[in-house]
Amino acid sequence: IPSTKVYEDETVYAFRDIAPQAPTHILVVPKAHIDSCGAITAENSAVVAHIFEVIPQIAKAEGRVNGYRVVTNCGADSGQTAPHLHFHILGGGPLGEMA
């Protein structure tokens, strides 16, 4: 699927969501396959730690200085539609509370 790259390094790829739910909606995906947050282990957790080091850099580059939301879904009941761990960066104005 074509994408608009926002960030890439040897570990992660970040791109704009094709159906954004906020003015800023970026997906951050590890290049190594991890099914979901339920599949994070001691062996692959460094990848997830790196993602959380990169997320603030991406948010800052996007001008999200007043805050942003980071979301991931884990499993079908949560709404996970792609069987690969990924994190959504959402921002660009007040997002409101989540249930």
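**Close-up views of a predicted model**

Phe-52 is partly exposed, at 41% relative accessible area (buried is under 20%, exposed over 50%, partly exposed in between; 1.4 Å probe, protein chains only). This is a predicted model: local features need pLDDT of at least 70, side-chain atom pairs count only at pLDDT 80 or more, and totals for chains, interfaces and linings use all residues. Residues are numbered from 1 along each chain as its sequence is written, and side-chain values use heavy atoms, leaving out hydrogens and water.

**View A. The largest nonpolar core.** This core has 14 residues (buried Ala, Val, Leu, Ile, Met, Phe, Trp, Tyr and Cys, joined through side-chain atoms within 4.5 Å). Ile-26, Val-28, Ile-51, Ile-55, Ile-58, Phe-87 and Ile-89 touch the most other members. Strand 2 (12–16), strand 3 (24–30), helix 1 (45–61) and strand 5 (87–91) each supply at least two core residues (DSSP runs numbered from the N terminus: helices H or I, at least four residues; strands E, at least two). Helix 1 gives the largest share, six residues.

**View B. The salt-bridge network of Lys-5, Glu-8 and Lys-31.** A salt bridge puts a side-chain nitrogen of Lys or Arg within 4 Å of a carboxyl oxygen of Asp or Glu. Glu-8 pairs with Lys-5 at 3.3 Å, N to O. Glu-8 also pairs with Lys-31, at 2.9 Å.

**View C. The Arg-16 to Glu-62 salt bridge.** The closest N and O atoms are 2.9 Å apart. Arg-16 lies in strand 2 and Glu-62 in the loop between helix 1 and strand 4 (69–71), so the pair ties together parts 46 residues apart in sequence. Arg-16 is partly exposed, at 34%.
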